[in-house]
Amino acid sequence: MGNRTFIVAQVEPLDVDGVRTTEVGTALWLLGFLGLLPFWGTLEESGRTWWLWTCLAGFGLGLCGLEYCRRRRKERAAQQAGG
């Protein structure tokens, strides 16, 4: 539709291996858990203690993901150094 010219910037990805992104996400889940912990009674009265357990599960899964990303980064570095 019409004569339009689009310019696409050549931008490199900031975090190729995902370690930093996973670290930040995991830390945010932990902060969410710790931030909700003082409100245990209020959450229990309103039937929302699942918020706490969701944050704790997010933190635990984040730790698993962090280990996965670190292993992947290590393996990619070994492959690049080897050939």
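**Exercise 1.** Over residues 24–43, what percentage of the chain is helix, and how far apart are the end C-alpha atoms?

*Solution.* This is a predicted model, in which local features need pLDDT of at least 70, side-chain atom pairs count only at pLDDT 80 or more, and totals for chains, interfaces and linings use all residues. Residues are numbered from 1 along each chain as its sequence is written, and side-chain values use heavy atoms, with hydrogens and water left out. Residues 24–43 are 85% helix and 0% strand, with 26 Å between the end C-alpha atoms; helices are DSSP runs of H or I with at least four residues, strands are runs of E with at least two, and both are numbered from the N terminus. An unreviewed UniProt entry lists residues 24–43 and 49–69 under "transmembrane region", an annotation that may be inferred rather than shown by experiment.

**Exercise 2.** Find where Thr-22 lies and whether Thr-22 is buried or exposed.

*Solution.* Begin with helix H1, residues 19–36, which holds Thr-22. Next, its relative accessible area is 18%, so Thr-22 counts as buried (under 20% is buried, over 50% exposed, partly exposed in between, with a 1.4 Å probe and protein chains only). Finally, leaving aside neighbours within four places in sequence, Thr-22 is in contact (heavy atoms within 4.5 Å) with Gly-62, Gly-65, Leu-66 and Cys-69.

**Exercise 3.** Which residues does Thr-26 touch, not counting residues up to four places away in sequence?

*Solution.* Thr-26 is also found in helix H1, and at 6% relative accessibility Thr-26 is buried. With those sequence neighbours set aside, Thr-26 touches Phe-59, Gly-62 and Leu-63.
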